[in-house]
Amino acid sequence: MTTTLSVLQEELSSVNGELKTLEIQIQELLEHQQELLQKKTVLEKKIKQFSESESGSSKEINSSTEEWNKEDFPWSTTVRDALQNTFKLRKFRSLQLETINVTMARRDVFLVMPTGGGKSLCYQLPAVCSDGFTLVICPLISLMEDQLMMLDHLGVSATLLNASSSKEHVKWVHSEMLSRSSQLKLIYVTPEKIGKSKMFMSKLEKAYQAGRLSRIAVDEVHCCSQWGHDFRPDYKLLGILKRQFPNAPLIGLTATATSHVLHDAQKILCIQKCITFTASFNRPNLYYEVRQKPSTAQNCMEDIVKLINGRYKGLSGIIYCFSQKDAEQVTMSLQKLGIKAGTYHANMEPRDKSKVHKLWSANEIQVVVATVAFGMGIDKPDVRFVIHHSMSKSMENYYQESGRAGRDDQKADCILYYGFGDIFRISTMVVMENVGQQKLYDMVSYCHNMTRCRRVLIAHHFDEAWDSASCNNMCDNCCQEALVEKMDVTGHCQDLIKILKQVDQMREKFTPLKLIEAWLGKGLSRLGVEVVAPKVPRDVLERIVAHLILQQYLKEDFSFTAFATISYLKTGPRADLLKNKAHVITMPVILNKKSITKVGSGPLSSQGSSTGKKIAVTHKKRSHSEDHIQAKKARTGGNEDDEPVMIED
Ligand SMILES: Nc1ncnc2c1ncn2[C@@H]1O[C@H](COP(=O)(O)OP(=O)(O)OP(=O)(O)O)[C@@H](O)[C@H]1O
Ligand SMILES: [Mg+2]
Ligand SMILES: [Zn+2]
């Protein structure tokens with residue numbers, strides 16, 4: 001009998017072992033499937049683009065940049081002269097010359113270039129080099145004012161027309177449009193002007209017939225498309241321009257790269273054939289860093305103040321905040337400590353906004369503390385730091401906002417404070433947006449990633465491929481040699497699910513904060529759940545909860561009241577996988593980080609010297625009983641593949 005029992009038990013344990021192995025393999029396969037699905041989407045997109053351009057069904061002309069990267073066109077001498085003498089610039093940045101040549105050749109062109117890349121020059125310079133004037137469509141008055149300020153400084157005659165222009169001014173512009181002796185080179189208008197002012201359209205018509213409308217520039221051209229992030233209904237009406245003025249070359253500019261948006265915009269603008277140039281999104285002079293947000297507002301401010309009074313003493317910067325209230329509070333805290341700061345958000349009087357912007361541009365204010373309203377077209381060249389007091393709502397937003405830094409090509413820092421609580425503040429804000437939550441989770445994943453090059457992560461997001469070597473240690477993850485371990489969080493997940501199931505049975509709901517408190521023992525007896533409080537620091541607990549949300553073991557569940565939206569936590573679609581005893585969930589944790597910053601790389605003030613990256617392969621077991629950990633040297637130069645790996649017992 002006993003022998004049979006022990007044989008059976010042995011067999012059972014071997015079956016269990018096999019099941020465990022299988023479970024691991026299944027999980028690996030599922031992850032692999034996810035990767036392949038992503039790859040598939042990218043490839044399908046590329047094939048579609050390719051076949052469209054092959055068959056000529058695309059509105060793009062197959063154009064090589066080499067063809068346009070030349071300086072032997074009839075206008076080349078004038079163009080070079082304007083670059084150096086009017087715009088006081090030494091050389092063109094990537095794709096500027098190509099774009100300028102295409103539009104000087106009177107062909108339609110779209111330029112996709114990251115924010116701060118230098119798109120404005122691509123129509124400002126041709127405007128100066130051509131007879132007549134260039135019509136510039138621009139979505140915001142503040143953007144126009146910015147550019148006018150700069151053009152005025154350079155001695156280029158330009159102006160804007162808007163609803164509050166005086167009668168005299170309008171009259172003057174109208175006569176300049178027709179006058180052969182006019183020096184006026186650029187006229188900025190909002191799209192509404194085209195759609196709504198018959199008077200202006202009739203003047204344009206006359207100017208066009210007189211050969212005075214030299215070209216049309218549509219800035220922020222993604223605003224045409226509903227698929228873009230800044231859709232402006234009035235941009236829809238701009239198709240009239242190409243229909244009425246078919247021979248005036250059109251140049252469209254944007255920092256939004258998705259081909260869907262581009263095609264849509266071309267259709268709306270009635271462009272038949274057009275050359276599209278797309279610049280790389282890499283901004284090599286920006287140093288990217290993510291920091292754990294200190295647990296109290298005061299500690300967070302202390303941290304920021306230390307940076308501003310230390311590394312960034314006397315240097316210009318922006319702090320992006322989640323809300324208007326946050327922005328006001330942060331400004332006040334900074335001002336109390338003697339830092340010259342000003343708030344900027346959508347709810348301020350236009351006059352006050354413009355005052356803050358001007359004082360900051362003139363370096364009379366060191367820091368603008370702003371919401372997303374401080375966005376498109378903010379163009380101060382010497383912004384040395386962009387601090388995110390809270391993460392952005394998407395990677396696109398983060399890229400744009402952090403991109404305000406270092407437009408002069410000099411080194412600048414982009415520091416993001418990642419706070420657990422911010423996830424839910426943002427998720428309740430984006431809950432109505434179609435893919436708002438997914439975009440937010442992509443942002444959270446970026447923040448959670450402590451091993452992969454930030455540039456590689458950003459590039460991946462924009463369907464570009466960069467290798468981490470091109471980062472040149474200009475991100476926290478490349479700069480630090482991290483000893484990463486995979487922490488087994490299966491037990492933690494089981495406990496959390498146990499609590500949530502009980503909460504659900506009692507017809508209650510827990511916010512993330514309440515869940516963590518219960519996990520730490522608060523009110524557990526009332527719930528009648530037995531869970532041992534985890535002996536892990538609070539920030540790690542928060543990280544575990546966020547990780548489990550990203551991995552879909554937990555999910556957010558929103559509740560709407562008359563005054564607010566609240567995010568509660570529930571068990572997620574993958575929670576059932578835990579029914580299988582062999583199922584394991586791991587989360588990467590960093591054991592220690594060692595700076596490997598070299599001179600010439602790393603953040604602004606880093607002076608560190610080092611002998612370069614050394615690979616520290618260490619195996620270390622945590623004494624913590626439930627954490628089975630496999631120590632792993634995660635990132636050594638080009639290792640791009642350090643997503644969670646399975647633990648070894
Ligand atoms: N060839 C160049 N050399 C040096 N600086 C340049 C050059 N071209 C443009 N810049 C500078 O780069 C900065 C950003 O230019 P610009 O405002 O045109 O960017 P943008 O691409 O329109 O960005 P956004 O998408 O935010 O509108 C400006 O300060 C401009 O003077
Ligand atoms: Mg611009
Ligand atoms: Zn990097």
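**Figure 1. The surroundings of ligand 1.** In this predicted model, 17 residues surround ligand 1, and the closest are Lys-91, Gly-116, Lys-119, Ser-120 and Arg-407. Here a residue is near a molecule if one of its heavy atoms lies within 4 Å of it. Look for a nitrogen atom of ligand 1 that is 2.9 Å from an N or O atom in the side chain of Gln-96. An oxygen atom of ligand 1 lies 2.8 Å from a polar side-chain atom of Lys-119, and a backbone N or O atom of Gly-117 lies 3.4 Å from an oxygen atom of the ligand. Taken alone, ligand 1 exposes 650 Å², and the protein buries 86% of that. These accessible areas come from the Shrake-Rupley method with a 1.4 Å probe; for residues, only the protein chains shown count as cover.

**Figure 2. The whole chain, before we zoom in again.** The protein chain has 23 helices and 18 strands. Helices (H or I, at least four residues) and strands (E, at least two) are DSSP runs, numbered from the N terminus. Of the 649 residues in the chain, 51% are buried. Buried means under 20% relative accessible area, exposed means over 50%, and partly exposed is in between (1.4 Å probe, protein chains only). The protein chain exposes about 31,100 Å², with carbon and sulfur atoms supplying 53% of it. Among contacts between residues at least 6 apart in sequence, 76% join residues at least 24 apart; a contact means heavy atoms within 4.5 Å.

**Figure 3. Salt bridges around Lys-293.** The structure holds 20 salt bridges, each defined as a side-chain nitrogen of Lys or Arg within 4 Å of a carboxyl oxygen of Asp or Glu. Asp-422 forms one with Lys-293, their closest N and O atoms being 2.8 Å apart. Asp-422 lies in helix α16 (residues 420-430) and Lys-293 in the loop between β8 (286-292) and α12 (297-309), so this pair ties together parts that are 129 residues apart in sequence. Are these two partners buried or exposed? Asp-422 counts as buried at 5% relative accessibility, and Lys-293 is buried too, at 15%. Lys-293, Asp-326, Asp-422 and Arg-425 are linked in a network of salt bridges.

Figure 4. Ser-323 lies in the loop between β9 and α13 (324-336). With a relative accessibility of 18%, Ser-323 counts as buried. The side chain of Ser-323 reaches the backbone nitrogen of Asp-326 at 3.0 Å. This is a polar contact: a pair of N or O atoms within 3.5 Å, where within protein one must be able to donate a hydrogen and the other to accept it, and residues adjacent in sequence count only if both atoms are side-chain atoms.

**Figure 5. Helix α15, a mostly covered helix.** In α15 (residues 395-402), 7 of the 8 residues are buried. Among them are Met-395, Tyr-398, Tyr-399 and Glu-401. What covers the buried residues includes β8, β9 (316-320), β12 (383-388), β13 (412-418), α17 (436-448) and α18 (454-461).

**Figure 6. Helix α20 and what follows it.** Helix α20 (residues 490-505) has 16 residues and reaches 22 Å from its first C-alpha to its last, close to the 22 Å expected. That expected span is 1.5 Å times one less than the number of residues. Its buried residues include Cys-493, Leu-496, Ile-497, Leu-500 and Val-503. An α-helix has 3.6 residues a turn, so residues three or four places apart point the same way. The buried residues of α20 pack against several elements, including β14 (480-488), α21 (512-519) and α23 (538-550). Just after α20, Arg-507 takes a positive phi of about 55°. Glu-508 forms a salt bridge with Arg-526, with the closest N and O atoms 2.9 Å apart. This pair links distant parts of the chain, with Glu-508 in the loop between α20 and α21 and Arg-526 in helix α22, 18 residues apart.

**Notes on the figures.** Residues are numbered from 1 along each chain as its sequence is written, while chains are lettered from A and ligands numbered from 1 in the order in which they are written. In this predicted model, local features need pLDDT of at least 70 and side-chain atom pairs count only at pLDDT 80 or more, while totals for chains, interfaces and linings use all residues; side-chain values use heavy atoms, with hydrogens and water left out.
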